[in-house]
Amino acid sequence: MLKRTFAAAALSAVVLLASALARAADETPLPRQEWSFDGVFGTYDLASLQRGFQVYKEVCSVCHPVKHLYFRDLGEIGYSEDEVKAIAAGYQVTDGPNDEGQMYQRPGRPSDPIPGPFPNDQAARAANNGALPPDQSLIVKARPGGPDYVYGILTGYKEPPASFKMIEGMNYNEFFPGHQIAMPPPLSDNAVTFADGTLATVPQMAHDVTSFLTWAAEPNLDDRHRTGLKVILFLVVGAGVFYAAKRKIWAQIH
Amino acid sequence: MAETRPGAAARIIRWIDYRLPFVQFLNHELNEYPTPRNLSYWWNYGSLSGIMLVVMIITGIILAAQYTPSSDLAFDSVERIMRDVNYGWLLRYLHMNGASMFFAIVYIHLFRGLYYGSYKTPRELLWIIGVIILLLLIATAFMGYVLPWGQMSYWAATVITNLFSAIPVIGPGIVTFLWGGFTVGDPTLHRFYALHYLLPFVIVAVVLLHLIALHRHGSNNPLGIDHKGPEDTIPFHPYYTIKDLFGLTVFLLIYCFFVFYAPNFLGEPDNYIPANPMQTPNHIVPEWYLLPYYAILRSITFPILFISSKLAGVILAFSSILILFFLPWLDTSPVRSARFRPIYKWVFWLLVIDVIALGWVGANPPEGIVVTVGQIATFYYFIHMLILFPLIGKLERPLPLPNSISAAVEHGGARLSGAGAPLAKP
């Protein structure tokens with residue numbers, strides 16, 4: 001009987017997997033990175049997230065917004081309340097209208113969304129040669145390959161092959177679909193100086209900022225993994241108890 | 001005296017039952033309900049799908065309390081649920097993956113019915129009501145998929161609503177009517193939201209009909225023969241309540257694995273990009289559970305007589321489900337269970353393979369070999385339904401059926417000395 005249950009369960013799984021595998025992409029395979037948040041026991045590495053936030057703030061935020069993040073969210077990656085207030089106060093945000101009907105600038109507060117570099121998409125395009133730097137707060141979930149893809153893009157800049165025709169102003173990237181990306185290589189060694197003494201190499205910064213962006217896309221991952229473990233354990237025990245009960249109740253029929 | 005006089009609770013229940021036989025009804029349908037004693041775990045999927053319906057409605061109502069069905073705010077409101085609502089991420093992932101689980105269960109349930117001939121007399125209406133539930137589920141799932149207003153939501157809505165434009169003369173008018181405008185937009189999202197909230201309750205009503213029809217003659221069983229006396233059946237409770245409960249727990253393990261450890265595995269990354277009417281995604285694909293229909297839809301690449309290829313595809317895709325309504329009469333075999341049908345037993349698996357092949361075709365861009373496979377698989381699907389079902393029933397010589405369920409169970413090596421005797425409640 002148990003065998004049949006497994007057969008039934010396996011079939012359900014196969015039906016689901018087959019469809020997902022069927023749409024595996026056929027582009028340059030992404031090198032797999034080791035992420036602290038991978039797997040059932042995976043959690044975010046807060047030091048890496050903070051370094052990643054620094055990379056985002058000092059490099060990426062020149063062009064890319066993180067629309068779904070608030071300053072208060074930074075408390076979750078290990079910044080104290082005062083540190084969050086200080087980070088927020090470092091930004092000017094538009095508020096209003098005031099009693100005179102005017103919009104005005106004021107220092108940011110933890111309850112504010114982190115302001116993006118441009119007031120709107122048109123301004124972003126105008127400043128970037130017509131290309132729109134996409135929002136980064138969901139980018140890891142919005143691309144096949146997730147963190148490996150984002151890391152791949154950040155480290156995948158190369159000289160184009162001799163036969164490859166480049167459009168003026170575009171850059172060659174191994175992992176970008178079509179290989180021509182408007183974004184120039186964003187990272188260079190020592191582009192930032194990490195307070196904890198970590199060497200700011202391109203792979204290190206790419207790793208940290210990708211971790212930060214994964215957190216930005218999925219801030220509840222730690223909680224999800226922890227809760228999941230309890231739920232799964234509970235169900236495993238439950239399945240055992242119910243199976244024993246079922247055997248006992250059915251004993252007189254079999 | 002104390003033994004003969006019922007307690008207060010029993011007296012209250014008796015008072016109510018005399019006027020409204022509700023407890024009596026529950027006792028009759030869920031407790032005493034005589035059920036074939038030989039149901040396998042393939043019979044778990046009916047109650048599982050009922051439980052999934054409840055899970056979807058509960059999570060859905062809580063999500064609806066936080067969601068904003070406006071084209072400007074829908075995407076952000078879903079992110080708000082994910083980030084700022086207490087356990088919003090859990091509710092949404094349960095709902096999102098719940099749809100996939102629901103369809104996986106329903107499809108297994110449906111193929112179970114196909115294998116064991118559960119649609120044959122006297123269960124034709126039971127089957128037909130089931131197909132109606134499937135149609136309602138597809139409509140509900142499709143409209144639910146539009147609500148997050150991501151890229152795939154928007155373009156799926158565009159592609160699917162545009163199908164109606166294939167209808168001659170009135171098609172374009174119908175599409176404008178569905179959209180509430182001249183393109184998929186805010187009015188479309190609002191009405192899809194209203195319908196997505198309404199249809200599950202319609203499904204509940206049709207499920208009740210499904211249950212009434214089921215309880216009229218009881219469940220079919222792996223032998224496909226009628227139960228003839230009390231020795232063939234056991235009370236639903238505790239035998240099948242505990243068996244269903246164990247099955248439910250195993251199912252929840254799979255469901256929870258997806259929810260907690262691979263919540264976006266079954267989804268499309270593109271749906272985390274806000275809807276953009278100016279930019280079409282490279283590949284527009286539906287969710288996995290609609291891929292076979294999508295493959296049939298795209299399989300007709302040439303006009304048939306005066307019917308355009310698009311209209312022909314639409315007709316075939318709808319027919320692939322509608323044809324199931326006629327299955328009780330297309331299948332001419334008097335024997336229900338494939339166990340006793342030496343040819344159908346194998347041909348059944350061809351249909352399973354065919355549908356999986358259609359799913360693969362639906363997932364891939366329609367180029368090269370994919371198109372050919374899609375056409376062959378579509379052709380086979382209809383051949384299977386329209387020709388193989390009637391033909392095999394006529395040609396096949398079924399194996400001899402056992403005299404009764406209890407006889408077969410005993411013969412199958414039952415250890416119980418009293419097997420064959422009516423089984424009372426333990």
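The expected span of a helix is 1.5 Å times one less than its number of residues. Keep that in mind as we start our walk through this predicted model with helix α3 of chain B, residues 45–64. This helix has 20 residues and reaches 27 Å from its first C-alpha to its last, close to the 28 Å expected. Quite a few of its residues are tucked away: B:Y45, B:L48, B:S49, B:M52, B:L53, B:M56, B:I57, B:T59, B:G60, B:L63 and B:A64 are buried.

Staying in chain B, have a look at its surface. B:I12, B:I13, B:W15, B:I16, B:L20, B:F22, B:V23, B:F25, B:L26 and B:L30 make a nonpolar patch of about 950 Å² there. Helices α1 (8–19) and α2 (22–32) of chain B each supply at least two residues of the patch, and α2(B) gives the most, with five. One of the patch residues, B:F22, is found in α2 of chain B.

Now for the charged side chains. The count comes to 17 salt bridges over all chains, and a few are worth a stop. In chain A, A:D148 forms a salt bridge with A:R32, with the closest N and O atoms 3.2 Å apart. This pair links distant parts of the chain: A:D148 is in helix α5 (residues 147–155) and A:R32 in the loop between α1 (2–21) and α2 (46–58), 116 residues apart. A:D148 counts as buried because its relative accessibility is 5%, while A:R32, at 66%, counts as exposed.

Another chain A pair is A:E218 and A:K141, whose closest N and O atoms are 2.6 Å apart in their salt bridge. Here too distant parts of the chain are linked, with A:E218 in the loop between α6 (202–217) and α7 (221–250), A:K141 in the loop between α4 (121–127) and α5, and 77 residues separating the two. A:E218 is buried at 7% relative accessibility, and A:K141 is buried with a relative accessible area of 11%.

The side chains of B:K120 and B:D331 meet in a salt bridge at 3.1 Å, N to O. B:K120 sits in the loop between α5 (88–115) and α6 (124–146), B:D331 in the loop between α13 (327–330) and α14 (344–363), and they are 211 residues apart. Both B:K120 and B:D331 are buried. Elsewhere, salt bridges that share partners join A:R72, A:D73, B:R80 and B:D84 into one network.

Finally, a few backbone details. The loop between α5 and α6 of chain B also holds B:P122, and the peptide bond from B:T121 to B:P122 is cis, with omega near 5°. Chain A has a cis bond from A:G96 to A:P97, with omega near 0°; A:P97 lies in the loop between β1 (92–95) and β2 (104–107).

Which way does phi of A:N129 go, positive or negative? It is positive, near 60°, in a residue other than glycine. A:N129 is found in the loop between α4 and α5 of chain A and is exposed, at 69% relative accessibility. B:W149 has a positive phi of about 55°, and is not a glycine either. B:W149 is in the loop between α6 and α7 (151–162) of chain B, and it counts as buried because its relative accessibility is 6%.

Notes. Residues are numbered from 1 along each chain as its sequence is written. Chains are lettered from A and ligands numbered from 1 in the order in which they are written. This is a predicted model: local features need pLDDT of at least 70, side-chain atom pairs count only at pLDDT 80 or more; totals for chains, interfaces and linings use all residues. Side-chain values use heavy atoms; hydrogens and water are left out. Helices (H or I, at least four residues) and strands (E, at least two) are DSSP runs, numbered from the N terminus. Buried means under 20% relative accessible area, exposed over 50%, partly exposed in between (1.4 Å probe, protein chains only). A salt bridge is a side-chain nitrogen of Lys or Arg within 4 Å of a carboxyl oxygen of Asp or Glu. Patches are made of residues with over 30% relative accessible area and no salt bridge: like charges are joined within 9 Å, nonpolar side chains (Val, Leu, Ile, Met, Phe, Trp, Tyr) within 5 Å. Accessible areas come from the Shrake-Rupley method with a 1.4 Å probe; for residues, only the protein chains shown count as cover.
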